[in-house]
Amino acid sequence: MKLFTSSLVFALLSSTVSAAPVLLTNIQGYGFDTKGELTQFSQLAFDDQSGKVLARGNQLSGFEQAKPLDGQGKTLLPGLIDGHGHVLGLGQNLNQVDLRNSRSEAEAVTAVAAFAKSQPQAQWVLGRGWNQVLWPKRQFPGKTLLDEAIADKPVWLTRIDGHAGWANSKALALAGISKETLDPPGGEIIRDAKGNPTGVLIDNAMLLLEKHIPQSTEDERQAALQAAFSHLLSLGITSVHDAGIDAATLQTYQQLKSRQQLPVRIYAMLSATDPQLKSWLQAGPLLDPADQLVVRSVKIYGDGALGSRGAALIQPYSDKPEQKGLFVTQPDQLTAVMKLTLEAGFQTNVHAIGDLTNRLVLDRFEQLATDEQRRQGRHRVEHAQIVAPKDIPRFAKLHILPAMQPTHATSDKNMAQDRLGVARLRGAYAWKTFVDQGSRIVGGSDFPVELANPFFGIHAAVTRQDQQNQPVGGWLPEQRLTLTQALKAFTVDAAYGAFQEQTMGSLLPGQWADFILIDRNIYQIPAEQLWQVQVQQSWVAGQQKYQASI
């Protein structure tokens, strides 16, 4: 499939249609100036035809003929940007069994059985969100209880981090996974004492099963994406960096854009595992003057996740000394794919959670690109979760952006020390260390791994606590960000990570009028209440896209 550069129709229309200014008053507005400093204002003028901000301030003049709009004293922020999410996965998740709140294996199975009963037409029973670390025995589940509950249909349940899956015997049989099946490179089939599969597959072993799940139809993909868009807008997210899309999803995005059905801005990363990668790179970036759909980056998969012990570590896991993690992409192949994307002039964004993978990725950026290429490319490490302390300064030296998700820390705090020991935590979830050295953090959530609500992420970044205010004082509290630093990560700095800081994220005149109105002033409430913020309205390009029900 050939990529194409968007036409100039939008730009031509913008120049020929007469301005229709709107003056939004009675707001507690926050944005950023050209230096990235926080600025406040009580009025915002924008053009609802071109979709651009015209002016902001406290006593704007020259807008006497503008359409008045009363903000009713609400707080206004730039539209929030999620710098790492999975939009199709989120939409699909909304129609699958959610196991995020299950407190035991048995409770998860009960939820799956109830969901299966409510979906008799489904060929497969699919779900996501289980986390054995939160269960009493903290052990991986197995197929036994699933088989007792559902024996006639295949069941496949993805772990919360997306790096492990749990199947019943029917699903394993359909995939041909047995005692004789070998572990694939970068994957592991969890086995019992006799060598039989237990039902849990790690990282690349998941592919052995997932290729047997019926592919979504075009209509199903569109429905899932629209469900995701509505959900994201209700949370104040006006732009998403979609972290790894395949050819079918790109085609769906292009169709939605052609029909003007993209209410959320999409900055998509092409999946390095898609067979069409080379032809994509040869076709060149997909750019868009309207910033609705931009494709100029590639998502490469380095290692697995910490919770499933798939993150590749320099030294063995503290709680399992015989394991050091997994490379989802083997080092030689990682070098080849990074070289391919860098030479094609695409932004190269590599998933790296473990300290070994982070080091290998930094090494390759240093070896494969010049300083100018790295500076211009704004290449990223997605997650940058566990980094050897001596490697953190290399991000700044090499101009590599850390794309980090604050809620990963508050979710992982229950097991990170077990996995890593105390010493390695010095370079784990180290947001403040990155910010202090001048690195711009691309903030995100990694939804549906975590919940998409950006205020959960801002709260986690500022407090280093969960929503029960635990632990007291915060987990690794020296890595807390200020509220403004956290807000920048989800606005102007996330925009920078997509080459879009000139058009969004700050609400400067000339930028897109992407903004949200919320129910409380985040600068006037206790930090522990940040996660409770509710979005009242979401606007994209001067058009209201979401209104909370009264």
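Visitor: How far apart are N and O where the side chains of R138 and D418 meet?
Guide: This is a predicted model. In it, R138 and D418 join their side chains in a salt bridge. The N to O distance is 3.0 Å.

Visitor: How many residues apart in sequence are the parts that R138 and D418 tie together?
Guide: R138 sits in the loop between strand 10 (125-130) and helix 4 (143-149). D418 belongs to helix 15 (residues 416-420). The pair therefore ties together parts whose separation in sequence is 280 residues.

Visitor: Is D418 buried, partly exposed or exposed?
Guide: Buried means under 20% relative accessible area, and exposed means over 50%. D418 has a relative accessible area of 39%. So D418 is partly exposed.

Visitor: Is D288, the salt-bridge partner of K257, buried or exposed?
Guide: K257 and D288 form a salt bridge, with the closest N and O atoms 3.9 Å apart. K257 is in helix 8 (residues 247-258), and D288 is in the loop between helix 9 (277-283) and strand 17 (293-301). The cut-off for buried is under 20%. D288 has 7% relative accessibility, so it counts as buried.

Visitor: How many residues separate R265 and D514?
Guide: These two form a salt bridge, the closest N and O atoms being 2.6 Å apart. Both R265 and D514 are buried. R265 lies in strand 16 (residues 265-271), D514 in the loop between helix 19 (492-496) and strand 22 (515-518). The pair links distant parts of the chain, and the separation is 249 residues.

Visitor: Which residues are linked in a network of salt bridges?
Guide: The whole structure holds 22 salt bridges. A network of them links R359, D363, E366, D391 and R394.

Visitor: What is the orientation of helix 10 and helix 11 to each other?
Guide: The axes of helix 10 (residues 331-343) and helix 11 (residues 355-368) come within 10 Å. They cross at roughly 45 degrees, in a right-handed crossing. Angles under 35 degrees would be roughly parallel, and 65 to 115 roughly perpendicular. The two helices are therefore oblique.

Visitor: How do the residues in the contact of helix 10 with helix 11 divide?
Guide: Helix 10 brings P331, L334, T335, M338, K339 and L342. Helix 11 meets them with L360, V361, R364, F365 and L368. The division is eight nonpolar, one polar and two charged.

Notes: Residues numbered from 1 in each chain as written. Predicted model: local features only at pLDDT ≥ 70, side-chain atom pairs only at ≥ 80, totals over all residues. Heavy atoms only, no water. Axes fitted to C-alpha atoms, helices over the stretch in contact; angles between N-to-C directions. Helix = DSSP H or I, 4+ residues; strand = E, 2+ residues; numbered from the N terminus. Parallel < 35°, antiparallel > 145°, perpendicular 65-115°, else oblique. Left-handed = near helix turned anticlockwise from the far one by under 90°. Contact = heavy atoms within 4.5 Å. Nonpolar A, V, L, I, M, F, W, Y, C, P; charged D, E, K, R; others polar. Salt bridge = Lys/Arg side-chain N within 4 Å of Asp/Glu carboxyl O. Buried < 20%, exposed > 50% of the residue type's maximum accessible area, 1.4 Å probe, protein only.
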